[in-house]
Amino acid sequence: MKENPILETNDVTINFNGLVAVDSVNFKINEGESVGIIGPNGAGKTTFFNLLTGFFPPTKGKIFFYGRDITDKPPHKRVMMGIIRTFQLVSVFDHLSVLDNLILSNIKSSGISYSIGRFFFSEAHKPALKKICLEALKILGIEKKAEIMTSELSYGDKRKLEIAVALSMNPKILLLDEPFAGLSDQEIVEVSRIIKEFKKGFSMIIIEHKISRIVELVERLCVMHEGRLIAEGIPDQVLCEPLVREVYWGKEDGLVCSV
Amino acid sequence: MIEKIRKNFLDLVIITAAFFAVLPVFGLNRTTDFIIFCIFVLGFNLLYGYMGRLSFGHMLYLGVGAYTVTLFAEHVSKNPFLAIIASICAGALIGVIIGPIIVRTTGACFALINLAFNQVGYFLALVALSRWTGGEDGMSAYFTKLGLFDFGKKPVIFGFCLFSLLLTYLILKKLISSPYGILIKSIKENEIRVKFLGYNTFKYKWVTFIISTTISAFAGALSILNYGYVTPSFIDPSRAVEVIFATLIGGAGSLYGALIGGVAYMAISNYLASYISRWEMFLGFAMLIIVFRFRKGIWGYIKDKFTRQAEGIVR
């Protein structure tokens with residue numbers, strides 16, 4: 001595969017008053033590639049995402065997007081560049097209707113031009129925009145719920161909605177933070193299908209701590225432990241590394257080396 | 001489209017009719033006062049009800065409008081329209097200047113930093129600039145007659161204020177049903193999430209703050225038109241509680257709620273005060289009832305009741 005890193009970190013470190021949550025991580029992801037980051041709780045996976053998306057700046061190190069230094073860019077600028085994320089705890093707007101949740105993200109990507117005047121004074125539910133939003137909901141199979149309050153959706157539907165919001169922003173790289181956490185087995189299958197179906201062209205990083213759920217979604221697996229990347233490679237290989245097995249299953253586990 | 005225009009028109013008719021209905025009860029002077037207060041509540045409600053930022057210092061913005069219109073009439077021109085435009089500009093200007101400091105904060109900090117600025121403004125009007133503002137005595141404002149617009153006549157002021165209220169209502173209605181409206185409601189719920197949708201929330205919070213201060217200053221200017229004089233009570237921070245109460249009584253986060261709250265509060269404070277000298281106590285009880293029983297205010301309660309009924313019929 002041709003090396004064409006879309007996102008790259010160089011010795012990224014963050015130190016929360018003595019607690020080093022992410023420690024000198026050198027990470028690279030190519031265009032169109034899917035990478036999974038696994039690791040036990042508290043390994044620094046989400047913190048690493050927060051650094052990539054600009055939640056807070058790193059104490060040390062640099063982050064590059066298409067070779068451009070974005071270390072000091074605020075979150076909204078990174079989003080405009082195409083770095084889109086979802087959150088570990090589903091993060092949608094409960095007090096808006098399902099449809100309204102999609103309006104803000106779709107305005108930026110729909111191609112319908114919004115001047116300042118139109119943003120402030122035009123009707124939010126313009127037919128053209130509404131159609132795009134409804135199509136996004138149709139894909140998820142929840143278009144009938146467009147007008148209801150988001151707080152009335154099930155957790156699984158909220159997760160789908162959040163992913164739909166993320167997808168509607170035309171990501172160049174999509175960062176999914178534990179997209180399967182808290183979902184039922186059936187919902188996991190559905191969300192997994194949605195991700196697989198709509199992952200076209202862009203790169204993707206998925207955080208998960210249950211390995212089995214993401215093996216089929218990713219091409220490469222990174223393992224984080226105590227803030228460091230301790231292993232990376234194709235999934236089967238990584239899981240057989242002694243160090244990985246040690247942090248994941250303890251010293252002696254008698255598990256067969258397979259997924 | 002036509003349906004929308006009709007619906008807006010219906011809103012305006014309802015509001016107008018409501019104020020004409022209370023006119024015989026409270027008289028021209030007080031009803032005008034109600035209308036002006038409603039404009040103030042609408043401005044406050046945009047910030048608190050829609051964007052979730054509670055300010056304890058909104059009297060400052062009302063006061064800026066009130067003093068600007070008076071000083072403008074005194075020193076520059078007695079044309080009432082120019083004076084009102086000047087005070088609207090002053091309201092926007094103070095939002096532009098102190099907005100970037102204020103909107104960085106949230107919660108208690110936001111409330112108190114507004115209060116702090118209000119204290120400064122109160123001190124300036126009462127003491128530091130008393131040579132110009134008349135200090136504790138305040139000062140009178142005179143305006144010239146412009147054709148039909150003779151603001152010495154109470155019905156003219158009433159009509160003009162009602163027109164102003166309808167205009168403010170329409171503008172706000174347009175704003176909150178736009179993408180911007182969805183944006184500020186989203187900021188109320190989860191500002192960080194909005195940032196991760198690619199919006200520079202600081203900019204939009206600032207704009208919302210400016211709109212709110214501008215409307216408040218407009219209300220301040222209209223008060224002077226109605227009263228004819230300005231005193232430091234127009235900028236007194238301890239009166240900020242009035243607008244907060246009114247918003248909560250009516251129901252934060254809806255335009256009708258703001259209007260109902262404004263009228264209800266004014267009715268209580270005007271009507272009850274003539275029967276019970278310590279009417280604030282009643283207000284305290286009313287507040288307790290609202291907090292425990294009607295969390296969404298009068299309008300929120302009515303709306304919930306009607307939607308539930310409608311759902312019941314469907315089922």
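**Reading a helix face, a core and a contact side**

The face of H5(A) turned away from its buried side carries the exposed residues A:Pro127, A:Ala128, A:Lys131 and A:Lys138.

Colleague: Nice place to start! Which residues of H5(A) are buried, then?

Modeller: Keep in mind that this is a predicted model. An α-helix has 3.6 residues a turn, so residues three or four places apart point the same way. Here the buried residues of H5(A) are A:Leu129, A:Cys133, A:Ala136 and A:Leu137. Their arc around the axis is only 100 degrees, so they sit on the same side of H5(A).

Colleague: What do the buried residues of H5(A) pack against?

Modeller: Their partners are helix H3 (98-109) and helix H6 (155-167) of chain A. Just after H5(A), A:Gly141 has a positive phi of about 75 degrees.

Colleague: And H2(B), how many of its residues are buried?

Modeller: For H2(B) the count is 15 of the 17 residues, so this helix is largely enclosed by the rest of the structure.

Colleague: Which residues have the most contacts inside the largest nonpolar core?

Modeller: They are B:Cys38, B:Ile39, B:Leu42, B:Val69 and B:Ala221, in a core of 160 residues. Helix H1 (residues 2-50) of chain B gives the most to this core, 15 residues. Beyond its sequence neighbours within four places, B:Val69 is in contact with several residues, including B:Ala83, B:Ala141 and B:Ile224.

Colleague: Finally, how many residues of chain B are in contact with chain A?

Modeller: On chain B there are 20, in contact with 25 residues of chain A. H7(B) supplies the largest share of that side of chain B, 8 residues. By type, the side divides into 8 nonpolar, 7 polar and 5 charged residues.

Technical notes: Residues are numbered from 1 along each chain as its sequence is written. Chains are lettered from A and ligands numbered from 1 in the order in which they are written. This is a predicted model: local features need pLDDT of at least 70, side-chain atom pairs count only at pLDDT 80 or more; totals for chains, interfaces and linings use all residues. A nonpolar core is a set of buried Ala, Val, Leu, Ile, Met, Phe, Trp, Tyr and Cys residues joined through C-beta atoms within 7 Å. A residue is buried if 20 or more other C-beta atoms lie within 10 Å of its own, exposed if 12 or fewer, and partly exposed in between; C-beta atoms are placed from the backbone. Helices (H or I, at least four residues) and strands (E, at least two) are DSSP runs, numbered from the N terminus. Two residues are in contact if their C-beta atoms, placed from the backbone, lie within 7 Å. Ala, Val, Leu, Ile, Met, Phe, Trp, Tyr, Cys and Pro count as nonpolar, Asp, Glu, Lys and Arg as charged, and the others, Gly among them, as polar. The arc is that of the directions from the helix axis to the C-beta atoms.
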